[in-house]
Amino acid sequence: MWKLLQTINKNLIIAIPILMVAGFITGIFINAAPMKQLIVPFTFLMVYPMMVTLKIKKVIEGGDTKAQILTQLINFGVIPFIAFALGGFFFKDQPYMALGLLMAGLVPTSGMTISWTGFAKGNVEAAVKMTVIGLTIGSLATPFYVRALMGASLEVNIVAVMKQIAIIVFIPMIAGYITQQTLVKKYGQKEFQTRLAPRFPALSTVGVLGIVFIAMALKAKAIAGSPQLLLYVLAPLVIIYALNFLLSTVVGKLLLPRNDAIALVYGSVMRNLSIALAIAINAFGPQGSSAALVVAMAYIIQVQSAAWYVKYADAIFGKPDEGKAPAGVPAGPSIPTVAPKPAAAACDTHPLVPTFRNILYATDLSETARHAVRYACSMGSQYAAEVQVLHVVPDLADVYASETGIRLKGGNGNGQPGGLNQQAVEDAMQRIQERIRETASGVVDEIPHCPLAADKILVKVGDPAQKIVETATSGNYDLVIMGTHGHSKLDDLMLGSVARDVVHACPVPVLTVRLPG
């Protein structure tokens with residue numbers, strides 16, 4: 001079920017039109033009015049899951065003040081007035097359609113802001129903060145914008161709108177925060193980030209699709225009587241998003257560094273259409289379905305345009321700085337070195353500008369390796385690559401046992417002197433996987449979008465250098481990352497000669513990370 005929901009969440013550009021068509025067909029053949037009773041539960045299902053994963057504490061962190069100010073100036077000083085002007089031009093005699101256009105431009109930022117910023121290799125931490133600030137200000141300011149701009153065209157009960165926003169936004173926000181803290185306390189931050197948190201956006205998708213379905217069902221007969229209405233709605237939406245992308249791109253390129261500029265673009269263009277849809281359909285009675293139709297159509301343009309913008313982000317802002325860690329990743333004093341393939345071979349088989357989609361992170365559970373994992377996650381985040389963890393249990397079982405406390409000999413072994421106990425090896429592998437997950441949890445706290453494949457850890461027994469090279473070669477990896485310069489017996493075994501042997505023998509580029517100090 002979760003995989004299905006996550007697949008739908010990643011393919012909203014397909015799922016939303018399908019639900020719109022399904023809602024339209026349903027509304028043609030049946031009386032859709034009773035569906036209004038489902039609006040409140042779908043609204044809660046849509047908003048509450050987003051609040052569970054919201055990192056409210058990010059608001060107090062500094063470092064990107066200029067980007068935050070510029071983003072909110074665009075969000076609340078420019079876009080709502082463009083939406084209002086276009087609504088007055090396109091929907092002179094349909095004030096609730098104009099209201100829908102205004103709602104689509106009023107509540108900025110959503111979880112998609114964070115996701116698309118990450119895809120474009122922008123400043124994800126700044127995007128998180130933009131999401132929290134934009135959502136909070138937008139929720140508080142929306143009633144006053146609607147009253148000031150639309151009060152002359154339609155009756156706006158500001159108290160009713162504020163009440164609906166409290167129900168739709170702030171109560172779920174409080175409930176989501178309580179849920180988040182409860183889950184973290186019960187399961188730990190690592191388990192929450194890696195296993196539980198990724199499930200909530202998929203639940204939110206169910207609410208979004210439900211509201212879209214209902215909105216279309218309620219307006220089906222009106223659309224059937226005037227089919228050109230859909231195209232008429234799309235025209236002003238296309239103009240709004242085009243102007244928004246253009247303005248944000250120019251401001252970001254002129255005034256901000258690359259990563260902050262990308263965060264600004266997605267922090268201003270990506271509107272929280274889920275909340276706008278909920279407000280439109282809950283706060284304005286039967287006429288709110290007209291406003292909801294406009295907001296529902298905005299989904300199609302928003303998701304499509306965000307995806308295309310990622311493709312051209314590097315062309316617009318330039319590629320990320322080589323070797324520079326993204327915001328939020330601590331920069332240690334270590335000096336990583338890359339050992340690439342021989343120059344001739346590299347030029348024959350690879351492009352001059354390499355890219356990384358599959359990264360192999362080799363760890364021996366030491367302090368050095370725990371430092372190296374920061375680089376693995378940083379590069380994985382920068383290149384949207386999956387990071388596969390590999391741990392090799394060396395043949396020298398006595399040294400291994402003395403350093404790690406995991407004994408592999410004795411018991412029900414094969415009876416030969418020095419023989420490995422198979423059951424002990426299997427038990428050790430489970431303990432090793434647990435230890436690696438614990439090590440990774442701290443990194444996940446610092447890099448929330450670290451693409452570490454925590455559930456697919458490889459544990460092998462044999463010669464460490466040989467196993468690392470074999471895995472890197474057979475697994476179609478683009479880069480190997482490992483620590484070096486250890487201090488204990490096991491460190492000398494694993495991180496001295498092993499790193500050297502891997503660098504010399506591995507056909508895949510190798511990044512070795514020195515422990516600070």
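**L86, at a relative accessibility of 13%, is classed as buried.** Buried denotes under 20% relative accessible area, exposed over 50% and partly exposed the range in between, computed with a 1.4 Å probe on protein chains only. The model shown is predicted, so that local features require a pLDDT of at least 70 and side-chain atom pairs a pLDDT of 80 or more, whereas totals for chains, interfaces and linings draw on all residues. Numbering starts from 1 along each chain as its sequence is written, and side-chain values rest on heavy atoms, with hydrogens and water left out. L86 belongs to helix α5; helices (H or I, at least four residues) and strands (E, at least two) are DSSP runs numbered from the N terminus. Leaving aside residues up to four places away in sequence, L86 touches F91, L101, P236, I239 and I240, where contact means heavy atoms within 4.5 Å. Between the C-alpha atoms of L86 and L101 the separation is 8.0 Å, and along the chain these two residues are 15 residues apart.

**Helix α5 (residues 79-90) packs with helix α12 (residues 229-255) at an angle of about 155°, the axes lying 10 Å apart.** This angle makes α5 roughly antiparallel to α12. Angles run from 0 to 180 degrees between N-to-C directions, and axes are lines fitted to C-alpha atoms, for helices over the stretch in contact. Under 35 degrees counts as roughly parallel, over 145 as roughly antiparallel, 65 to 115 as roughly perpendicular and the rest as oblique. α5 and α12 have a right-handed crossing; a crossing is right-handed if the near helix is turned clockwise from the far one by less than a right angle, and left-handed if anticlockwise. From α5, the contact involves I79, I82, A83, L86 and F90, and from α12 it involves Y232, A235, P236, I239, I240, L243 and N244. By class, the residues of this contact between α5 and α12 are 11 nonpolar, one polar and no charged. Nonpolar covers Ala, Val, Leu, Ile, Met, Phe, Trp, Tyr, Cys and Pro, charged covers Asp, Glu, Lys and Arg, and the others, Gly among them, are polar.

**Helices α12 and α13 cross at roughly 155°, their axes coming within 9 Å.** At this angle α12 is roughly antiparallel to α13. The crossing of the pair α12 and α13 is right-handed. Residues Y241, N244, F245, S248, T249, V251, G252 and K253 of α12 meet A261, L264, V265, S268 and V269 of α13. The contact of α12 with α13 comprises seven nonpolar, five polar and one charged residues.

**Helix α13 (residues 258-269) also packs with helix α15 (residues 288-317), at an angle of about 165° and with axes 12 Å apart.** The helices α13 and α15 are therefore roughly antiparallel to each other. α13 crosses α15 in a right-handed manner. α13 contributes R258, A261, I262, V265, Y266 and V269 to the contact, and α15 contributes Q302, A306, Y309, V310, A313, D314 and F317. The contact of α13 with α15 contains 10 nonpolar, one polar and two charged residues.

**N75 lies in helix α4 (residues 65-77) and makes a side-chain polar contact of 3.2 Å with R271.** A polar contact is a pair of N or O atoms within 3.5 Å; within protein, one must be able to donate a hydrogen and the other to accept it, and residues adjacent in sequence count only if both atoms are side-chain atoms. N75 counts as buried, its relative accessibility being 0%. The N75 side chain also reaches the backbone oxygen of G267, at 3.2 Å. Residues up to four places away in sequence aside, N75 touches P80, G105, P108, G267, S268 and R271.

**C377 in helix α17 (residues 367-383) and P394 in the loop between β3 (386-393) and α18 (397-404) are shown as two further sites.** C377 has 0% relative accessibility and counts as buried. P394 counts as buried at 3% relative accessibility. P394 and K467 are 73 residues apart in sequence, with a C-alpha to C-alpha distance of 9.6 Å.

**The protein chain as a whole has 21 helices and six strands.** Of its 517 residues, 52% count as buried. Among contacts in the protein chain with a separation of 6 or more, 82% are between residues 24 or more positions apart.
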